[in-house]
Number of protein chains: 2
Amino acid sequence: MNKEHISKQFDADLEEARTRVLQMGGFVEEQIERAIEALTTGNEELIDQVIEYDHRVNAMEVSIDEICSQIIVRRQPTAVDLRMIVMIIKTITDLERIGDEAQKIARMARLIYTNDRLQIPRFTEIKHVASIAMDMVKKALDSFARLDPNSASKIVRQDEFVDEEFRSIMRHLITFMMEDPRKISTSIEILFIAKAIERIGDHAKNMSEYVVYMVKGKDVRHVSLEEMEKEIQK
Amino acid sequence: MNKEHISKQFDADLEEARTRVLQMGGFVEEQIERAIEALTTGNEELIDQVIEYDHRVNAMEVSIDEICSQIIVRRQPTAVDLRMIVMIIKTITDLERIGDEAQKIARMARLIYTNDRLQIPRFTEIKHVASIAMDMVKKALDSFARLDPNSASKIVRQDEFVDEEFRSIMRHLITFMMEDPRKISTSIEILFIAKAIERIGDHAKNMSEYVVYMVKGKDVRHVSLEEMEKEIQK
């Protein structure tokens, strides 16, 4: 086997792994959408579906991990190719955890509707912040697909907004609970839903940072937004 | 270089990586202890320390990731050795996130003491569940150090207990808030502390599952406790 042949085979393997990540990402996006839809409508079938489908997300992670290990063993990739594979292994860990958060939202939706509490406090805000978190996941996956690190700093900014929104929802819920202690249980459930959405944002941010690492070779996890922007513009 | 030489060099590299993981693990254990101590005493210096030291945990993760990538590129490990490296990469992701949870506990401790609320509800339960979560992290690290998968099923059982304790603390806090709405803010902070501890348990569980994967070659993430025990006993 000549060098070119090995490299072509490697490219094909890598393409397969990347395609699988994007499929997993698409499925996870649908899980979030379904969870928010279930929360809006209280549709029991949909709630069950989100909870049940989480197994599929988990299976996808295990199977892509396996593909990556096989690529490393068979193709013995060098520095830059290896960076791509490490990025894939990290990305799917975050995607799997986004799936967990979608499942948690569905479980909370079930609790809320089982108890027949149709008036959900801060629901407009929840839907708004959920739409931003979904946009972050979408951007992170696009940026992974195109190996384009430029959206990373946008995602970091959105993450700051989502964190701020979470704190604001929490403050409002506390006031709401104080005014009417009978609403405490529902408010706590809503608070955990807001927390799950905030976590989805964190995971999308992690994913976008792996793309920067992949393309720029520079690890931007745990650095400030300013430093990250400097790295991207280099 | 002959084969034996390569293999010895690989073993030395791997040993270095494993030692670093255990150092990181030890430091993360201290972070949890400090956070719980800070929560107990309200010691401001300790609170600041936990928050500030989180940077070190992050730096350790980035540096061990780098070591692992270098090992793969230089030594081109085969199946079983590679599994060890993938296990290390996944383990440090969980350790880093345990560090984040310790930092969150310290931040909540600051909020609680800034507002001079010296009576912390459900504090005995919090300390008890924290001690179990710490024991889980310790067991997971021991099991990593000795490549011994046998404690994995014990850790999974402890995780179920921690989850149940979390739900019980939450129920009690809701009652407490209903009885005295002025306690709502503090109760929410305590709720998030309980949640952080519950997450630490989840991460310890993940870590113990990687050891099973490493030793048994079988992925036990996302399987039932019974299935996992069957795998370990094989």
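A polar contact here is a pair of N or O atoms within 3.5 Å; within protein, one must be able to donate a hydrogen and the other to accept it. Keep that cut-off at hand for the interface stop below. The model is predicted.

**Stop 1: chain A as a whole**

Seven helices and zero strands make up its secondary structure. Read along the sequence, the pattern is α-α-α-α-α-α-α. Now show the C-alpha trace alone. Along its principal axes, the trace of chain A spans about 75 × 40 × 20 Å. Colour by accessibility next. Of the 234 residues in chain A, 57% are buried. Among contacts in chain A with a separation of 6 or more, 81% join residues 24 or more positions apart.

**Stop 2: the annotated spans**

Take residues 22–108 of chain A by themselves. This span is 94% helix and 0% strand. Its end C-alpha atoms are 28 Å apart. Then switch to residues 126–211 of chain A. Here the chain is 90% helix and 0% strand, and the end C-alpha atoms lie 28 Å apart.

**Stop 3: Arg75(A)**

Go to helix H2 of chain A and pick Arg75(A). Is Arg75(A) buried or exposed? Arg75(A) has a relative accessible area of 18%, and the cut-off for buried is under 20%, so Arg75(A) counts as buried. Show its side chain together with that of Asp13(A). The two side chains make a polar contact at 2.7 Å. Beyond neighbours within four places in sequence, the contacts of Arg75(A) are Gln9(A), Phe10(A) and Asp13(A).

**Stop 4: where chain A meets chain B**

Bring chain B into view. On chain A, 42 residues are in contact with 42 residues of chain B. The area buried between chain A and chain B is about 3,600 Å², with 61% of it from carbon and sulfur atoms. Select Arg97(A), Phe192(A) and His222(A). These residues supply 17% of the area that chain A buries against chain B, more than any other three residues.

Turn to the polar side of this interface. How many residue pairs are in polar contact between chain A and chain B? The count is eight, with both residues at pLDDT 80 or more. Which elements give two or more residues to the side of chain A that touches chain B? They are helix H2 (44–75), helix H3 (79–114), helix H5 (151–179) and helix H6 (184–216) of chain A. Colour that side by residue class. The side of chain A that touches chain B has 20 nonpolar, nine polar and 13 charged residues.

Across the interface of chain A and chain B there are eight salt bridges. Zoom in on Arg97(A) and Asp94(B). Their side chains meet in a salt bridge, 3.2 Å from N to O.

**Stop 5: Val57(B)**

Hide chain A and select Val57(B). This residue sits in helix H2 (residues 44–75) of chain B. Val57(B) is buried, with a relative accessible area of 0%. What surrounds Val57(B)? Leaving aside neighbours within four places in sequence, Val57(B) is in contact with Met24(B), Phe27(B), Val28(B), Gln31(B), Leu95(B), Glu96(B) and Gly99(B). Finish with a distance label from Val57(B) to Asp100(B). They are 43 residues apart in sequence, and their C-alpha atoms are 8.8 Å apart in space.

Definitions and conventions
Residues are numbered from 1 along each chain as its sequence is written. Chains are lettered from A and ligands numbered from 1 in the order in which they are written. This is a predicted model: local features need pLDDT of at least 70, side-chain atom pairs count only at pLDDT 80 or more; totals for chains, interfaces and linings use all residues. Side-chain values use heavy atoms; hydrogens and water are left out. Contact means heavy atoms within 4.5 Å. Buried area is the accessible area (1.4 Å probe) that two parts lose on being put together, summed over both. A salt bridge is a side-chain nitrogen of Lys or Arg within 4 Å of a carboxyl oxygen of Asp or Glu. Helices (H or I, at least four residues) and strands (E, at least two) are DSSP runs, numbered from the N terminus. Ala, Val, Leu, Ile, Met, Phe, Trp, Tyr, Cys and Pro count as nonpolar, Asp, Glu, Lys and Arg as charged, and the others, Gly among them, as polar. Buried means under 20% relative accessible area, exposed over 50%, partly exposed in between (1.4 Å probe, protein chains only).
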